[in-house]
Amino acid sequence: MTDKNPLIEINQLVKKFGSFTALNGVSLNVYPGEVHALLGDNGAGKSTLIKVLSGVHAATDGIIKVDGKEVHFKSPREASDAGIGTVYQDLALNALTSVTRNFFLGREIKKGPGAFGIMQMKEMNEITMREMKKIGINIANPEQPVGTMSGGQRQTLAIARAIYFGAKILILDEPTSALGQKQQMEVLKTVKRVKNLGNIAIILITHNEIHARLVADRFTFLSLGEVIGSGLSSELGGDDVKRLMAGGADIGDLAKELENVT
Amino acid sequence: MNSKSVNQPRKESDRHDAKRWYSAILARPEVGPVGVMLLLFGMLGYFSIPSGEFSLNPFSGEGFNALAIRNNLRVISQLGIVAMGAGLLIISGEFDLSIGSMIGFAGGVMAMILRWGFAVVIPYVSFEGGIHIETFTLFKITDVSPLLAVSITLCFTLFFGWLQGFIIVRSGLASFIVTLGGLFFLRGLTEIIYRAFNKRPDQTAGSTTVTEIPDIKNIVNVPGHGELEREVAKSLPQADLLELLKTIPETTVLKITEKLTYINESVAASKNLLLKNKGVKGLEKSLENALSSGNEGMVAILQDKIANFQVEITSPRIVSDVDIAKEYIDTLHSARPVANFFGGDIIEPVFDWLYFTVNWNVNNYGNQFADGLYSCLMIWFLLALICYVVLSKTQAGNWIYSTGGNLNAAKANGVPTNKVKVSLFMFSAFCATMFAACQVFETNTADTSKGNLKELEAIAAAVIGGVVLTGGFGTVVGIIVGAAIFGISKEAFFYIPYFDGSFYRVFLGIVLLASALANENIRKRVIGSV
C-alpha cells in the first residue's frame, strides 16, 4: 500500500478554540482506494477534525496537504473545490423536493442569466439516475421526493452527489448511525463500491467498530484531541480496537468499573 | 426456526402499495383548493340567479354578468398580487406582516408625488437670528411622470423590504416580530408623511386623503388641443368639437356612426321594453283585483287591454356630429401608457365584441355593461407567470424551496440562503407597491388606511392555496387558486338571500383551518410518512 502517494496528508494539526485545545497535533495519511476509519469516543476531536478538513474552521497550526500541495481553507467552498466532499450526518438533503433537485442543489445545470437560468431537468434526471446506479442504487423515478427514500438510499444519494461534484476525498460522518440493520449494510455496500472505484480516498467516522472492521483498511483512534493509535486493519486485533475505542482504557478495567457500580 | 423461505426476497419497495390513480391525484397540493373554488363559483352563480327564475346553468346568475365579472376579478387579482409575494416568501420559510402597511405607504408616497411633485430637501442648522433649522432644496420636480412616480416609490419600498430582510438574516430574529415592527413603523410613518406634506403651503396640517390627482390614465392627445383629460375634452365647446370632427378620417366617422346607431337602437329598444313591462305590471295587478272581486266585465276589459298593450314607442336618437366627436375622443389611446398600464382597462375589444356582436354585455338600459377588465388582472397574470417560471423551472426556484425546506442543507450546498430571503422580502415589497400603483392610478386617490389587514389576507390566501407556513412547500398555481377562493367568497356570500354577508369571514376561517390541516397531511404524504 505504501507505493501509493497519500491523497491527503495531515501533519501535526492543532486547533484551539480560545483556551480550549480541541486537536493537539493530529497526523494521518489517507490513500486513494482506501477506507480510513477514524474512531474515538465523544469529544475525542473527530468532529473538529472533519470541520477543519472541510473548511468550516481554519486550523490553528499544522499542515494539510492535498495531492502533495499545501492548502489553507477559508470556506467550505474552497475545501470542496480542492476535492474534499463531506457527507454530514444530516446529509444536507431537502426531504420535500425531488431526488434530482437535491442531487444538483446549489450546482444546477441551467441555461440563461444567473440564478434565473432555466434548469435542464431532463439532463439532470439522467445524470442523477446514472450516478446513483454507479454506486448501487437503481431509483425508479428521479422526480420522487427525497422524503420517500429510505435512510440508506439518502446516504447513497449524498455520497453520489459528493463524488459527482469532484470529491476525491470523501468524508463520511457517522453514516451508519440512526439506521436499521439492513440499511446499515446498504450503506456499507455503498462505501465498498466507492472504495472499489479506486481513485477516491474515504475517511469514515464512526462509533461502531464492527462496521469499521468490515470496510476499513486503516484505522486511526483519537482521544482527547490526540492520536492514541493507528494501523492497518490486518495489524489490529479485536481487543486493540475495543481498548482504543474506549480512549485507551483497558476493556478489563471497564468491566471492573461496571462491577463496582452498585 | 420459524421463518419463511421464499424464492423472491422481499424488497423494501414491496412494502409500498402501488399508488392508485386517485391517490396520485389527491397527493397534488392543489386538489382541495380547486374543489373549494369550484364550489364557491357554483354558489355565486346559483344564488345570484334572480328569485322566481330557474336555470339549470348556475353561470347564468347575476354574479356572472359582465360588470360582476369585472368587479370580482378586480378583488381577486388585487389580493392575488400581494398573495404572490407573501406566498413565495412563506415557501422560503419567512413571512411578512408589513405588506398592508407597505401598500398604504407606497400608495401615499405615489399619490403625493403625483399631486405635489418630488423634491430632495436637506435640512441644516442655521445660526443667523437664533439657532433654528433651515432647509435647502437640492432639486424639485413638480410635474412627475407616472413612471418616475412609481420608480421613486419603488426605491423607498424596496429599501424597506431589503432592510427588514437584512435585519432578519443578520440578527436571526423571527420574521414575525421584525415585520410586525415594520407593520407599525410603516403605518405610522405613512400617517406622519400625510400630515406633514399633503397640504397646500397656506395650510397648517395635511389631510389623510390625497385627492385632486388628475385622471392621468385618461389623458389623451386631442388634435388641435394638445393633451387633455377625456372628460375635459368631451366638454369642449360645440364649435371646437365640430372642428375636431373635420380632422377625423371618413372611414373612422362611418365606423363610429355605425357604432352609435347600434347603441341608440339598443337603448331605445330597452326603454320600450322597460315601459311596456311597467305598464303591463300595473294592468295585471288590476286584473288580479278584478278577478278576486268577481267583476267579470272588468276582467274582460283588462284582459283585452293587456293583450293589446301599446306604449308610445321611443324612436332611437339620431347620431349627431357632436356625439361622433365625443365618441372619437373616447376611442383615442391614452397618452400616459404607464398610468394606463396600472389603472386602465384591458381587453376592451373583447367586451366591445360581446356588446356589439354577441349582444350579451348589455345592461337594463341598453348600454354596454362593462368596458373591459381592470388592468390589475393583467399585472397579476404577468406576476404569476414570472413567479411560476422562477419557482418551478429555474435555479432560483430550487434555492427558494431548499431555503424553506431545509435551511442547513441549502447552506451546506452553497445556496446563498440569506440572499434568497432578502430578495424575497424585497419582492414582497415590490408586490405591495404594484398593488398600490393599481389602486392609485385607477381611483386617483389614496389614503392612510389603504391596505389595512391585507398582509393577513395575503397569508391566508397562500395557506388556503396549499402553502405550508413552516416553508418549503407550495406552488404558484396553489397561490393563484387561494387568492381566487378568498376573493370570490367575499362576493359569493353577499348574493345568498337572508344571509348576513359577514358569514364569508366565518366561512374563510373554517376553510383556512381545513386548508392548514390538509396541507400538513399532504406534506407528510409527500415525504412519505403517511
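Guide: Let's take helix H6 of chain A, residues 181–196, in what is a predicted model. H6(A) has 16 residues, and from its first C-alpha to its last it reaches 23 Å, close to the 22 Å you'd expect at 1.5 Å a residue.

Now for the side chains' surroundings. The buried residues of H6(A) are Gln184(A), Glu186(A), Val187(A), Leu188(A), Thr190(A), Val191(A), Val194(A) and Lys195(A). To read that list, keep the helical repeat in mind: with 3.6 residues a turn, an α-helix has residues three or four places apart pointing the same way.

Past the end of the helix comes Gly198(A), with a positive phi near 90 degrees.

Strands E11 (residues 218–223) and E12 (residues 226–232) of chain A pair in the antiparallel sense, over six bridges. Phe221(A), for one, has Gly229(A) in E12(A) as its bridge partner. Two residues sit between the strands, and Leu224(A) in that turn has a positive phi of about 50 degrees.

Zooming out, chain A comes to nine helices and twelve strands in total. Its radius of gyration is 19 Å, close to the 18 Å from the globule rule for 262 residues, so chain A is as compact as a globular protein of that length. The C-alpha trace of chain A spans about 65 × 40 × 40 Å along its principal axes, and 47% of the chain's 262 residues count as buried.

Then there's the neighbour. Chain B has 20 helices and eight strands. Its radius of gyration is 30 Å, whereas a compact globule of 530 residues would be near 24 Å. The C-alpha trace of chain B spans about 105 × 95 × 50 Å along its principal axes, and 39% of its 530 residues count as buried.

As for where the two chains meet, 23 residues of chain A are in contact with 24 residues of chain B. The chain A side of that contact is made up of eleven nonpolar, seven polar and five charged residues.

How values were computed. Residues numbered from 1 in each chain as written. Chains lettered and ligands numbered in written order. Predicted model: local features only at pLDDT ≥ 70, side-chain atom pairs only at ≥ 80, totals over all residues. Contact = placed C-beta atoms within 7 Å. Nonpolar A, V, L, I, M, F, W, Y, C, P; charged D, E, K, R; others polar. Helix = DSSP H or I, 4+ residues; strand = E, 2+ residues; numbered from the N terminus. Rg over C-alpha atoms; globule rule 2.2 N^0.38 Å. Buried ≥ 20, exposed ≤ 12 C-beta atoms within 10 Å, placed from the backbone. Pairing = 2+ DSSP bridges. Expected span 1.5 Å × (residues − 1).
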